[in-house]
There are 2 protein chains.
Amino acid sequence: MWNKKTKYALKALSYIGRYFGSERKVLAKEIAEQHQISIKFLEAILLELRNAGILGSRKGKGGGYYLLRPPAEVPLSKVIRITDGPISMLTCTSLFFYEPCADCDSEPICKIRETSLAIRDSTLAILDQKTLEDIIPVRETA
Amino acid sequence: MWNKKTKYALKALSYIGRYFGSERKVLAKEIAEQHQISIKFLEAILLELRNAGILGSRKGKGGGYYLLRPPAEVPLSKVIRITDGPISMLTCTSLFFYEPCADCDSEPICKIRETSLAIRDSTLAILDQKTLEDIIPVRETA
DNA sequence: GCAAATCCTATTTAATAAGTAGGATATATA
DNA sequence: TATATATCCTACTTATTAAATAGGATTTGC
C-alpha cells in the first residue's frame, strides 16, 4: 500500500501540474487547504520533490512551487520512488534500491524472487508509462 | 515491499509443500532452524495459515504441519493477503479490503485510482496464477 | 503418566510513519 | 530599506505498525 506521503505528493503534483505553462506559482498553503493536508507535512514533501528535481520553487512574496517539466514528461515511477521507496516487493529485485536478501542462498535459483521480478516488471510497465498528465483531471471544454 | 511475516510464510510453505503427498508432518522448530526464523514468531504465522485454511496441523508427539491441498492449488495471492494484507496500492481499489479513501470526492473520476487499479490487475494476474508449486525448488532427478 | 507438539493470549521492543515546532533565508514591493 | 510573505531546514514528538518474546494451556502418542 502507498503511504500518505505518496498520496499527498500525487495530489499536490496533480494540482500544481494544472498550471504548467502559465506563470502561476502554487502555494503550499493553497494545496494544504484544498486537500486537508497538514501544512508542515506537505511543506516537507514539496521540499523533497523539489530537491529531487521534480518541482521548482521561489521564495518570498509571489513565490510558490511549479513543475520543472511538462506533466507528460514526469513518470509516476519517479514520484513514487521518492515518496514511497522501492517499487519492488523484495529488495533483491529492486532496480534503484537493490540489496541482497539477508539469508539468501542463491538469487538465480530463488523461486520467490522470480515472482517478485514478474510483479516488478508489470508494475513498472505501468508506472513508467503513466505520467502526471494521467492524473490531472481533464478540464471542461466550456 | 512484503513484510517479514510474508517472506517467512512463503519460505515455510515452500518447505512444507515439498512433503505434500507423503505422510510427513513438518515441525515448526524444524523450519525455524532451517531458515533462522524466531520459533515463536514462526509459530504464530503457521497458526494463522492454519486458521485461514491453508495448513492442517496435529498436536502432540508425531504432530506438525502439512498442506491441506496440493501446492499447485494454493495461489500466492491467498497467502499474501493473509500475511501482508491488501495487494492493492489503495484501499479504494482493493477487492478483499475495500475502503473508500478518507477524502475522496468521486471514485469514478479519480485518476490516481485508475493507475492503482491497473497495477492491482496486473499484479493479481501474476499472484492468482502463481502457486506454491512455483516456489518449491525443483527436485534433482537422480 | 510423561514427553512432545501445537495452540492461544498478552506483553514488550523496535522500527517506521506521520505530524509539529521554531526559526533561518530569500524575495517582492512599497 | 522596512515589511510582509513564502520557501527552506533541522530537530523533535507522537502514533502506528511490525517483529519478537513470554508463559502457559491443550492435545496426542506411547
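**Questions on a predicted protein–DNA model**

Colleague: Where in chain B is Q36(B) found?

Modeller: Helices (H or I, at least four residues) and strands (E, at least two) are DSSP runs numbered from the N terminus. In this predicted model, Q36(B) is placed in the loop of chain B between helix 2 (28-35) and helix 3.

Colleague: What is the relative accessibility of Q36(A)?

Modeller: Q36(A) lies in the loop between helix 2 (28-35) and helix 3 of chain A. Its phi is near 55°, a positive value in a residue other than glycine. Q36(A) counts as exposed because its relative accessibility is 70%.

Colleague: Against which elements do the buried residues of helix 2 of chain B pack?

Modeller: The buried residues of this helix are A28(B), E30(B), I31(B), A32(B) and H35(B). They pack against three elements of chain B, namely helix 1, helix 3 and strand 2.

Colleague: In what order do the elements of chain A run?

Modeller: The secondary structure of chain A comprises five helices and two strands. From the N terminus on, the order is α-α-α-β-β-α-α.

Colleague: What percentage of the residues in chain A is buried?

Modeller: The C-alpha atoms of chain A fill a box of roughly 60 × 35 × 25 Å along the principal axes. Of the 142 residues in chain A, the buried share is 44%.

Colleague: With which residues is T83(A) in contact?

Modeller: T83(A) belongs to helix 4 (residues 76-84) of chain A. It counts as buried because its relative accessibility is 5%. Contact means heavy atoms within 4.5 Å. Leaving aside neighbours within four places in sequence, the partners of T83(A) are N3(A), K5(A), T6(A), A9(A) and L49(A).

Colleague: How far apart are the centres of the positive and negative side chains in chain A?

Modeller: Lys and Arg count as positive and Asp and Glu as negative, with His and the chain ends not counted. Each charge is placed at NZ of Lys, CZ of Arg, CG of Asp or CD of Glu. Chain A has 21 positive and 17 negative side chains, and the two centres are separated by 9 Å.

Colleague: Which element gives the most to the surface near DNA strand C?

Modeller: A residue is near a strand if one of its heavy atoms lies within 4 Å of it. DNA strand C is surrounded by 25 residues, of which the closest are K40(A), F41(A), R58(A), R50(B) and S57(B). With four residues, the element that gives the most is helix 3 of chain B.

Colleague: How far is the polar side-chain atom of R50(B) from a phosphate oxygen of DNA strand C?

Modeller: A polar contact is a pair of N or O atoms within 3.5 Å; within protein, one must be able to donate a hydrogen and the other to accept it, and residues adjacent in sequence count only if both atoms are side-chain atoms. A polar side-chain atom of S38(A) lies 3.4 Å from a phosphate oxygen of DNA strand C. For R50(B), the corresponding distance to a phosphate oxygen is 3.2 Å.

Colleague: Which element supplies the largest share of the surface near DNA strand D?

Modeller: DNA strand D is surrounded by 26 residues, the closest being R50(A), S57(A), K40(B), F41(B) and R58(B). The largest share of this surface, five residues, comes from helix 3 of chain A.

Colleague: How far is the side chain of R58(B) from a phosphate oxygen of DNA strand D?

Modeller: Of the atoms of DNA strand D within 4 Å of the protein, 73% belong to sugar or phosphate and the rest to bases. For an N or O atom in the side chain of R58(B), the distance to a phosphate oxygen of DNA strand D is 2.7 Å.

Note on methods:
Residues numbered from 1 in each chain as written. Chains lettered and ligands numbered in written order. Predicted model: local features only at pLDDT ≥ 70, side-chain atom pairs only at ≥ 80, totals over all residues. Heavy atoms only, no water. Buried < 20%, exposed > 50% of the residue type's maximum accessible area, 1.4 Å probe, protein only.
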